[in-house]
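Welcome! Please take a moment to look over the sequence and the 3D structure shown here, and then we will walk through them together.

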Amino acid sequence: HVFEGPIVEALRREALVGRVASVLGDDLFVWCSQLMMKTPQQRHRWHVDVETLDWTSVNVWVALKNVSVNATVLLLPKTHRLDVTPMFWSMLRQVSA
């Protein structure tokens, strides 16, 4: 899906490009794209997008199908500045249970 197909078509849509350009300006490029599939009730682990810590960037999350309000992405601003990650606390809670 890197250079053609529905993912690239979605990335080029004016609705998306216009919103990102309003934040970053017109000189844009896609650093990467990733598809993740999960089953109902499956959780995606906490993580930090470390590749975006060194420059101004925008992450875009798009739900493709069968998404409920409980399946949306949760962003925690400035957590990359913490000594431990949210994933650490999540794992600690699982061990304690």
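Here is a short tour, from the whole chain down to two residues.

**The whole chain**

Keep in mind that this is a predicted model. The protein chain contains three helices and zero strands, and its pattern along the sequence reads α-α-α. How many of the residues are tucked away? Of the 97 residues in the protein chain, 7% count as buried. The protein chain exposes about 9300 Å², with carbon and sulfur atoms supplying 57% of that area.

Among the contacts in the protein chain with a separation of 6 or more, 55% are accounted for by residues 24 or more positions apart.

Start with L35, which sits in the loop between α2 (14-24) and α3 (86-96). Is L35 buried or exposed? L35 counts as exposed because its relative accessibility is 54%, and the cut-off for exposed is over 50%.

Now move to A10, a residue of helix α1 (residues 6-11). A10 has a relative accessible area of 37%, so A10 is partly exposed; that class lies between the buried cut-off of under 20% and the exposed cut-off of over 50%.

Each of these residues can be paired with another one along the chain, as the table shows.

| Residue pair | Separation along the chain | C-alpha separation |
|---|---|---|
| L35 and I7 | 28 residues | 9.3 Å |
| A10 and V62 | 52 residues | 9.6 Å |

Key. Residues numbered from 1 in each chain as written. Predicted model: local features only at pLDDT ≥ 70, side-chain atom pairs only at ≥ 80, totals over all residues. Heavy atoms only, no water. Helix = DSSP H or I, 4+ residues; strand = E, 2+ residues; numbered from the N terminus. Buried < 20%, exposed > 50% of the residue type's maximum accessible area, 1.4 Å probe, protein only. Contact = heavy atoms within 4.5 Å. Areas by Shrake-Rupley, 256 points an atom, 1.4 Å probe, with all protein chains shown as cover.
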